[in-house]
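Dear colleague,

Please read them with the coordinates open beside you.

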Amino acid sequence: MSTTSGQEAQYMHGESDDGPEVRHGPGGGSVAVTDSAAGLGRRRGVNLALATWVSAINFWAWNMIGPLSTTYASDLALSSAETSMLVATPILVGSLGRIGVGALTDRFGGRVMFIAICLASIAPVLAVGAAGAAGSYPLLLIFGFFLGIAGTVFAVGIPFANNWFEPSRRGFATGVFGAGMVGTALSAFFTPRFVNWFGVFPTHAVVAVALAATAIVCLLVMRDSAEFHPNTDPVGPKLLAALKLRVTWEMAFLYAVVFGGFVAFSNYLPTYIKTIYGFSAVDAGARTAAFALAAVIARPIGGALADRIPPKYVVLASFAGTAAMAGVAIVQPPPDVWSATTFILLAVFLGIGTGGVFAWVARRAPARSVGSITGVVAAAGGLGGYFPPLVMGATYNSADNDYTVGLLLLVVTAIVALIFTATRLHAREPVSAAKS
């Protein structure tokens, strides 16, 4: 029996949008040509690379406030709690918005949704830049709320990548798309520098132009996979159906820990580094960029590992390493080698976990509900990143200059997730669960 996927069969039989892929042999019979597989591979590569860039530029937009938080705190005389609220607000909207965006992706496809999110993010980016240039904390909060639109992009890319790749490679594909988290590293490194060179509003204008250019490229180049079939069921019932699945809640909890940890540190680390170690905003941004880049590199590794071994073991390693590194961070290792090593290893473990969890989602989620389930799980991940900055700001001990309580809570959370994964989840899904 042939194991050719439906998508590959379509191209093998000359039904691709690039024309026939079948040649006739000497006897008049049809002979499938091998370059059809190569053509499919190119399409996959181009669309996955473009989707990853869309994620990166939107993650940069989503993280425009975090790298400048120390500057805003100084210029506007903000308290630790006020700074934390400023950093956390875009995370909230970017998280909750993923629920609806994931369901809409099931209906309209990734191409339409990628273009829509890029265009919808332009106005909030410019508005945040205007508020920052004006030095208005209330306006930064209000416009930062809408800046969260850019963070919903993640719920689009997972079903988009799933449709382009066969099940055995979806961990790799979703891991590569997830590497679009590099946008947080780009933002952490370049945003403070751009502000020093060009000013606050021009920096935001540069990102807005990049979003517009990305939308145009998607319109011209990006295509949905032939495997995509619109799910036209009403969004509300689809979400309710996804919420009734056990896999949705299990993966949501795991992702809230690993991706939430990444988002929280990517946004709050500039404040943490400046407060604990006394680095400037630019230097803190560079170190935060290294943290984000390490997580970005680790994510596809986690996804690829989960293609080869049960994702459960990848996730277990992630939680164990996260707990250990957060515990080391509590003692405030001295700069720069020891503190850098601690946080980069923490980023690696979180990154591996994000790749492993979504490889697990790709294995377990029903095909027609991947977008809805992804939206809920991705929302949980974002919400996991919303609360830690608030907790870190609220529990900061100014007398001893430490964040012991906040870091200790991360240790406890990672250990709880480790125990839950080890005792409650299967390395290989039972047949009944896989069909649920």
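In which helix is Val176 found? Val176 belongs to helix α8, residues 170–178, where helices (H or I, at least four residues) are DSSP runs numbered from the N terminus. Before going further, please note that this is a predicted model, in which local features need pLDDT of at least 70 and side-chain atom pairs count only at pLDDT 80 or more, while totals for chains, interfaces and linings use all residues. Residues are numbered from 1 along each chain as its sequence is written, and side-chain values use heavy atoms, with hydrogens and water left out.

Val176 has a relative accessibility of 21% and therefore counts as partly exposed, the class between buried (under 20% relative accessible area) and exposed (over 50%), with a 1.4 Å probe and protein chains only. Leaving aside residues up to four places away in sequence, Val176 touches Leu48, Thr52 and Pro300, contact meaning heavy atoms within 4.5 Å. The C-alpha atoms of Val176 and Asp336, which are 160 residues apart along the chain, are separated by 30 Å.

Gly236, in helix α11 (residues 235–243), is likewise partly exposed, because its relative accessibility is 37%. Its C-alpha atom is separated by 8.7 Å from that of Ala103, 133 residues apart along the chain.

Phe291 touches, among others beyond four places in sequence, Phe262, Phe265, Leu269 and Phe343.

Finally, the axes of helix α14 (residues 311–330) and helix α17 (residues 404–424) come within 8 Å and cross at roughly 160 degrees; axes are lines fitted to C-alpha atoms over the stretch in contact, and angles run from 0 to 180 degrees between N-to-C directions. The two helices are therefore roughly antiparallel, a label for angles over 145 degrees. Among the residues making the contact are Phe319 and Ala323 of α14 and Leu407 and Val411 of α17. By class, this contact of α14 with α17 has 17 nonpolar, four polar and one charged residues, where Ala, Val, Leu, Ile, Met, Phe, Trp, Tyr, Cys and Pro count as nonpolar, Asp, Glu, Lys and Arg as charged, and the others, Gly among them, as polar.

Note on methods. Parallel < 35°, antiparallel > 145°, perpendicular 65-115°, else oblique.
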